[in-house]
Amino acid sequence: MGLKAAAAMALGDPSADYGSIAAVGLFVVLMCVCIIVGHLLEENRWMNESITALFIGLGTGVVILFASSGKHSRVPVFSEDLFFIYLLPPIIFNAGFQVKKKQFFRNFITITLFGAVGTLISFTIISLGALGLISRLNIGALELGDYLALGAIFSATDSVCTLQVLSQDETPFLYSLVFGEGVVNDATSIVLFNAIQNFDLGDISGAKLLNFIGSFLYLFGSSTILGVASGLLSAYIIKKFYFGRHSTDREVSIMMLMAYLSYMLAELLDLSGILTVFFCGIVMSHYTWHNVTESSRVTTKHAFATLSFISETFLFLYVGMDALDIEKWKIVSQTYSPVKSIALSSTILVLVLVSRAAFVFPLSFLSNLTKETPGGKISFRQQIIVWWAGLMRGAVSIALAFNKFTRSGHTQQPSSAIMITSTISVVFVSTVVFGLLTKPLIRLLIPPRHLSREPSSISEPSSPKSFFEQLAANSPGHLDLENGTSLRRPTSLHHFWRKFDDGFMRPVFGGRGFVPFVPGSPTERSLPLLPGNEN
């Protein structure tokens, strides 16, 4: 809705765009229904809020389909900008802001291995499988770039749904592993997809492949550095200017805006906004969050969580409606037989199953070789859960498919239409089937008595720890406060980072116990220092 339409509505102009008002109003009502139904199904062992929103969206799509006499099943047309610019950033940022840093960075190498190397393996298997199997279905003129694009599209897991089906409190190890992998996986898939779009497949050479790998590593490194730098800049600005002495609204606003700015800067620089905003969230929770007033801490924590929750709900509602994209289903039904459509979706689903198994179990074996203690290894039962929980495909796959096979959400080519409908089918089936069975599978493979319940705070998240400190968490010198076991003395890496963080980083960028108290400053004298942080 444009500015003129908004002004017309404000002035009561009858020619205002009431269709947009109806669309927004419908989604608001549906989100309220999702919240109520999700609350009523809170203790249900099968359902979760994402699947609830998916079914409500599907039901709404059926109603709209009949009300419009079969013309359409959704209110707006799918928009990549809506997804990548408005819905995804708050979800990923909040995940980085709230994630349990100890578990995440303890498994950082494994997460990176699964998210980057695993995605490349999955991409290769799906692309080759599509080239060998889908090409035999004779669905139309598909080129090599289309098959490679399919590999990137269906290598992208649904990290958003992972937030719903895995509990960070009950299964912190599995949550950090699967969700952390999902974040890196989504970034890798998007990078691969964009690289394929810009790569000249007719002129492939060793030098170009090396250049591609170099660009790939540059993008990952640059995106992470930008996220860390954005987080540190926000910490320094809030610590330097003490917004809280005059207005808590200002410091909350600057936190939210700088978090969003990090994502937009990454997109403008053709970097990975997902990685940037995720690491920005981690850094802001470690430094920036401690530089604001106590009331702002409570406000920011719940504000970020609320924005993330609303975005997730909206996303699954829309995916449910999009499952009945009548324009493309009509083209497919007029061109292909139902058997061919089912065969294509089934082939893609099988390739997803096989490609994930092809890297989860071998890479878990390699990861276990680097672990000295049995507690740090991924058991076979945990490997099955990691494999299963990562099979869900979601909005990232749909967004990439629309980017590749449509123009502004529309297409008249049968081969493109069947690719969109197959993507929607795979996303819907994988989210419902694998999502419904994940919780029961966890309870079957890991009995409730083995699930750990970690304490949580209502008013504020647990104090985050630094990156290198977490990398040393499994070292012989780590003091494992969570398990109550004391190991040997700290290693040189751990000791070096602690001295650097306490001696330079915190005095400059703030953090718990290291911001000097100034009247009107955000420092709370009542806040205890972290163990080992005393001078």
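**Group meeting talk: a walk through a helical chain**

Hi everyone. The protein chain we are looking at today has a secondary structure of 20 helices and 2 strands. Please keep in mind that this is a predicted model. The chain has 535 residues, and 54% of them count as buried. If we take the contacts with a separation of 6 or more, 82% of them come from residues 24 or more positions apart.

Ser79 sits in the loop between α3 and α4. Ser79 and Asn403 are 324 residues apart along the chain, but their C-alpha atoms are separated by 9.5 Å. Ser79 is partly exposed, because its relative accessibility is 28%. Our other example is His290, in the loop that runs between α12, residues 273-286, and α13, residues 294-322. His290 and Ala235 are 55 residues apart in sequence, and from C-alpha to C-alpha they are 8.7 Å apart in space. Is His290 buried or exposed? With 4% relative accessibility, His290 counts as buried.

Now let's go inside. Some background first: in soluble globular proteins, nonpolar side chains tend to be buried together. In our model, the largest nonpolar core has 125 residues, and the members that touch the most others are Ile134 and Phe278. Which helix gives the most to this core? That is α9, residues 172-198, which contributes 14 residues. Let's stay with Phe278 for a moment. Leaving out residues up to four places away in sequence, Phe278 touches Ile92, Ala95, Gly96, Phe104, Phe179 and Val183. There is also another core lying apart from the largest one, with 6 residues, including Leu232, Tyr287, Met505 and Phe509.

Next, a helix to find on your screens: α16, residues 380-389. Why do we say that α16 is largely enclosed by the rest of the structure? Because 7 of its 10 residues are buried. Those buried residues are Gln382, Gln383, Ile385, Val386, Trp387, Trp388 and Ala389.

Helix α3, residues 49-67, is worth a stop too, as Thr60 is found there. Thr60 has a relative accessible area of 12%, so this residue is buried. Setting aside neighbours within four places in sequence, Thr60 is in contact with Leu26, Leu30 and Met321.

On to empty space. Rolling a probe the size of a water molecule over the atoms shows where such space is left. I'd like to show you the second largest pocket, which has a volume of about 830 Å³. It is lined by 31 residues, and the closest to its centre are Ile190, Val191, Asn194, Leu219 and Asp270. Several elements give two or more residues to this lining, namely α4, α9, α10, α11, α12 and α17. Which of them gives the largest share? The answer is α10, with 7 residues. By type, the lining of this second largest pocket divides into 19 nonpolar, 7 polar and 5 charged residues.

Now for some backbone angles. Most residues other than glycine have a negative phi. Here are two residues with a positive value. Asn138 has a phi near 55°, and it is not a glycine. You can find Asn138 in the loop between α6, residues 108-133, and α7, residues 144-153. Tyr242, also not a glycine, has a positive phi of about 50°. Tyr242 is in the loop between α10 and α11. Which is buried and which is exposed? Asn138, at 61% relative accessibility, counts as exposed, whereas Tyr242, at 10%, counts as buried.

Last topic: cysteines. A disulfide is a covalent bond between the sulfur atoms of two cysteines. How many disulfides does a search of the whole structure find? It finds 0. Take Cys32 as a case. The closest cysteine sulfur to that of Cys32 belongs to Cys34, and the distance is 9.3 Å, which is too far for a bond. To count as a disulfide, the two sulfurs would have to be within 2.5 Å.

Notes
Residues numbered from 1 in each chain as written. Predicted model: local features only at pLDDT ≥ 70, side-chain atom pairs only at ≥ 80, totals over all residues. Heavy atoms only, no water. Helix = DSSP H or I, 4+ residues; strand = E, 2+ residues; numbered from the N terminus. Buried < 20%, exposed > 50% of the residue type's maximum accessible area, 1.4 Å probe, protein only. Core = buried A, V, L, I, M, F, W, Y, C linked by side-chain atoms within 4.5 Å. Contact = heavy atoms within 4.5 Å. 1 Å grid on protein atoms, 1.4 Å probe; cavity = no way out; pocket = protein on both sides within 12 Å on 5 of 7 lines; lining within 4 Å. Points joined across faces, edges and corners; volume = space filled by probe spheres on them. Nonpolar A, V, L, I, M, F, W, Y, C, P; charged D, E, K, R; others polar.
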